[in-house]
Amino acid sequence: KRPAGAPDRELARKVTKVGIIGAGLMASQFALLFVRRLQVPVVITDLDQSRVDKGLDYIRTEITKLEEKGRLDSDEANRLRALVSGTTDKADFADCDWVIEAVFEDLAVKQQVFAEVEPHLSETAILATNTSSLSVEQIGAKLAHPERVVGFHFFNPVAVMPLLEIVKAPATNDETLATAFAVAAKLKKSAVLTADAPGFVVNRLLAKVMGEAARAVDEGTPVPVVEKALAPIGLPMGPFELIDLVGWAVAAHVQDTMVREFPERFYSSENLHALAKLQGVVEKDKHGKVTDLSKEAKKVVTV
Ligand code: 3HC
């Protein structure tokens, strides 16, 4: 069945090579998914070779884990490993027909990486952005072909979360959108089409939950109490466990975007921003549940 708002699937373009800009955890997680589900070459890039190598290491390690769990046989695991490569030269993206970025959540940075890669691509190649809350229209605004830009927003952990938000900017054409839905189906994700509005759908709600949890801490309730108090309402993770999963800096950026767009509706916590600068913000038990802030984090939190 065609998802609501998806154009005719006949319009979808074939994807024979995937380029990924950014080799951080989110990008590496979906690089693995692309190679596994599309079975096409996947090339990843980042600012320098050490970042690229870190991404490649992650992907190879995860392939080995899947092999050890018996989910991939050794031939398939070797084939997937051979399909993944890294580069620091955007010219290596020349034959990619699907390029997706997951770089720092900053409009200028996202505009820049797309502007750098666009001259190397064919006119029909698609540029997808994994932005979590920025305007897809603005991300594509400076390109020669903004009609090929689409939002393609994954959720953490990428391997497990079933949803993908596909975001149509005003310029996005039907071929691009149809390809995005076709790729989502191949990735075995359930895709929803959202408007190009700040935070789309999911982060608009999550930013509220995270912001109010941070406000409760700012008002003097300790982190473990907020986590424990919310457990009975059936959230799969407490708000701080979830912030720790998506990354404190990412959560702070999403919060900034929402506050900038809707100052009367969202809350900006100085503490959240201070914690976003630290490594190891929380302590966890053996099940991965957040038990408290780390000693270091407690020193920067002011209540
Ligand atoms: N990475 C990869 N795989 C993971 C994982 C991780 N971080 N965490 C769990 N898994 C896998 C496990 O290996 C397991 O796989 P298996 O069945 O093949 O062995 C499977 O997920 C289930 O794991 P658990 O038994 O530990 O399952 P839980 O019941 O604890 O559920 C969860 C784990 C699905 C992650 C659940 O806690 C959950 O849904 N949490 C909420 C996550 C969420 O809301 N994410 C959205 C964040 S917002 C975002 O990303 C947007 C961004 O823009 C900010």
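**A walk through the sheet and a helix pair**

Let's start with strand β1, which is joined to strand β2 (residues 42-45) by 4 bridges, the two running parallel. Strands here are DSSP runs of E with at least two residues, helices are runs of H or I with at least four, and both are numbered from the N terminus; two strands pair if DSSP finds at least two bridges between them. Keep in mind that this is a predicted model, where local features need pLDDT of at least 70, side-chain atom pairs count only at pLDDT 80 or more, and totals for chains, interfaces and linings use all residues. Residues are numbered from 1 along each chain as its sequence is written.

Within this pairing, I21 has T45 of β2 as its bridge partner. To get from β1 to β2, the chain passes through helix α1 (residues 25-38), a right-handed β-α-β crossover (with the strands pointing away from the viewer, the path from the first strand over the helix to the second runs clockwise).

Now look at β4 (residues 98-101), which runs parallel to β1 (residues 18-21) and is joined to it by 4 bridges. Here I20 has I100 as its bridge partner, while I21 stands opposite E101. V18 and I20 point one way from β1, G19 and I21 the other, and all are buried (20 or more other C-beta atoms within 10 Å of a residue's own, C-beta atoms being placed from the backbone).

Step back and you'll see an open sheet of 8 strands, ordered β3-β2-β1-β4-β5-β6-β7-β8, with mixed pairing. At its edges sit β3 (84-87) and β8 (190-195), each pairing on one side only.

Definitions and conventions: Buried ≥ 20, exposed ≤ 12 C-beta atoms within 10 Å, placed from the backbone.
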